[in-house]
Structure formats: structure tokens, C-alpha cells
Amino acid sequence: MTLPFFPPDLFEADRDTLIEIVRDLGTGPAQRFILGDHTARFEQALRDTVAGADVVACGSGTSALSLVLAALDIGPGDEVVVPAFGCAPIAATVVTAGAIPVFADVRPDTMTLDPELAEAAITPRTKAIMPAHQFSVMADMPAFEDIAARHGLRLVEDSAVAQGATLHGRPAGTWGDAGVFSFVQVKSFGMPGEGGVVVTRNPDLARTVRMLRNHGQDGRQRFVHHRIGYNSRFDEVQAAFQLRRLPGLAARLARRADIAEYYTRQFAPLAGRGITPPPPGRDGRCYYVYCLRADRRDELAAHLAALGIGTHVYYPAPLPAQPAFARWAPAGKVWPNATAASETILALPVYPHLTDAQVEHIAAAVCQFADRKDPRP
Ligand SMILES: *Cc1c(COP(=O)(O)O)cnc(C)c1O
């Protein structure tokens, strides 16, 4: 691939920075490698990006979801409404909390949890709703806040992919009881390692999550365990690295948005020819991944591959169709929009260091496929 889907040179520009940080921390007097000053400063720096909400750094985005569910006392007997289409942690964290994931279908245009179908899935055992922002579009959080308020439910925002996005002026991560970000390599603020954060405006929840990430200790007294906790701590090297890169994040996100906007403009005329771009606009958009819908998805992927352009299928099956979640997929129940999404979705490269010429080349290759190969009358 001349244009791979995952760029191999993701951290090239930061390599010297990383080596310098490893040397400084590795030879420094503190010899503290987790949850030290750098992590505290990183959490503080991120607070400024989420309208002052508290930020608790932890081991991964998945772990952040688990910490939130545990802090909200979601466990055996509780149901959590989750989207039928998305990544495994959305449902897996509910299962590992001991609770029951109840799958509701997504909307056909945004591929995020459909508020009406989520509300229809509420039962007397429902404790929370956990929508997820998907690829480039935030879930309809105002609708979910309304539903959660009317039914007295917790609202957990899986904002793992949406760091830096805003919806109606409100940052991703700050909706509902708590949100999360992930810093796994491929995410918009990915790093060379594992990590994530919990974002919450609720000080009690933040305090509980801080305890849970470090074996239930409160940070004052060692070996006093207030809660059954986890080992989900944050690495000092990664914290120092992310602190150095944070000032450049807004520009990288803006570049992603520009690329996505260009794609969507080029692809809008293809809508009648079997290729549908995601909804246009910038409000509630995040561009972690740029996914279009293509009726002949596998042919389009092969066409692009022949031109050296790497693509990716997120996700090839709806969650209830995965063997791991079969137990929570009631017999006879269908999620037609999730199924259609898994059959037609294709992600194009959208990383910020693509050049304009490369972006134009990718868009032209997609348009060429739509022009040349339409078998319909
Ligand atoms: C990446 C991702 C996660 C998990 O984050 P990790 O850091 O990989 O554990 C959770 N939810 C969504 C929607 C994600 O895309």
C-alpha cells in the first residue's frame, strides 16, 4: 500500500521527544513511573479542554468505561442499553460489570444509537444507557439526556473516539454522568502505549473513580482499601509525552476535519450511485475514522487496494452477531440498521499528515469507482 490505512510514521515527528522523556524520567531522582506529577499535570491540562470537568487518567478507554460502571454501582441484575453496532468494549464492559447489555439498533444515517429504539428497550431493570460516538458522528446526547432524566437512568457517554469534538457548544465527554477518552495508538490523540481517561462533572464520581483505578485506595493512606478496585493506573512517560503533544492536538483535529469535509463534498453527488458519505457539517463531528457507506463495499475496497489505498471495515458484524455476545442476543430479535451498516461500511484514511494531493487522489479513486462501475440501468 502506498497509502496505508494505519500510517506507520504516526509518531515519527515526536520520536526525539519520547526518547528524551524516557531518559529524563528513567534517570531522574523521583523514580516514579505511574500516577506521579506528570499524570496529575496531564489531567489538569485536559480539564481545560472539557470546560473544567474533572479528568481521571487510567489504563485504557475500556478500563475507563469499567471504572465508570463500577463507580455507578452497575452490576448483577442491572440492564444497560447499548448500541447493536460498535466496538466490543461497549457491550463487554457491561458484561464484565456483571450486568446485562440490551442491544438497541442504530440510526441508518449516523450509525449511532437510535434514541427512540433505546427508549423502547428500557425495562424496570434498566439502570443506564450507554450511547457511543461512532467514527465521525457524535450520538444524539441531548435526546439521551432527556430520556435518562425522564426514566431516572444513569447516562454513560462512550466518547472514546470523540476527544475535541463539541455538540451544541458542549464538549464530548461532558454529557451525562461521565464520559471517556482513549489514547490507544489509532485514536485521534493516540499515543505509543495504552491509556485513557474518565471525564466527569460529578466530584463524588471522580473521587470514586480515582480510588477504583488504584485498588480502592484514596491516595492518602496506603493499604487502606475503601472499595474493591482495579489496577488501572497511568504511565508517567506517556503522561509527559501527551503533555508535550497536547498543544498540537487542535491543529491535528482541524486537519482531520478538513480532509473529511473535502471527502464529503466530493462524495455528496454519489449518493444516488451506491456511495453515501456521512452527514456533512462540523457540529457534533469528530473524525476519528471517516466511514462512507457503499452498496458494493468489497468491490470498492478492492478497487482502492489496487490503487495502493488502504481501507478498513469497522465493524464487519453487529455486536449481537458476535459469538461472545450471543447470550445477550434474544432469539428472533433483529437489528436491521446495524446489519446494513456492517455490510456496507468502509473507512478511508483520514490521518492529519496526509497531503492535499494524497487526499485528492483517494477521493478521486472513490469517484472513479462510482462513475465507472455502476451496473444498474
Ligand atoms: C477505542 C474504543 C474504546 C476502547 O478504548 P481502548 O483504549 O482501546 O480500551 C471504547 N469505545 C470505543 C467507541 C472505542 O472506539
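Predicted model: local features only at pLDDT ≥ 70, side-chain atom pairs only at ≥ 80, totals over all residues.
Strands of a sheet pair through backbone hydrogen bonds, and the pairing can be parallel or antiparallel. Here three strands form an open sheet in the order β10-β11-β12, and their pairing is antiparallel. Strands β10, covering 275–276, and β12, covering 345–348, are the edge strands, each of which pairs on one side only.

Now look at how β10 meets its partner. Strand β11 consists of residues 290–294, and two bridges join β10 to β11. To find the place by eye, locate T276, which stands opposite R293 in β11.

Two helices lie across these strands. Helix α9, made of residues 249–267, lies across β10, β11 and β12 and runs at about 15 degrees to β11. Helix α10, made of residues 297–306, also lies across β10, β11 and β12, and runs at about 25 degrees to β12.

Which elements cover the buried residues of α8? They include α9, together with α1 (15–27) and α2 (37–47). Helix α8 itself spans residues 236–245 and is mostly covered, with eight of its 10 residues buried. A residue counts as buried when its relative accessible area is under 20%. The buried residues of α8 are E236, V237, Q238, A239, A240, F241, Q242 and R245.

Finally, look at the N-terminal end of α8, which is capped by D235. A side-chain oxygen of D235 lies 2.7 Å from the backbone nitrogen of V237. V237 is also one of the buried residues of α8.

Terms used
Residues numbered from 1 in each chain as written. Heavy atoms only, no water. Pairing = 2+ DSSP bridges. Helix = DSSP H or I, 4+ residues; strand = E, 2+ residues; numbered from the N terminus. Contact = heavy atoms within 4.5 Å. Axes fitted to C-alpha atoms, helices over the stretch in contact; angles between N-to-C directions. Buried < 20%, exposed > 50% of the residue type's maximum accessible area, 1.4 Å probe, protein only. Polar contact = N/O pair within 3.5 Å; in protein donor to acceptor, adjacent residues only side chain to side chain.
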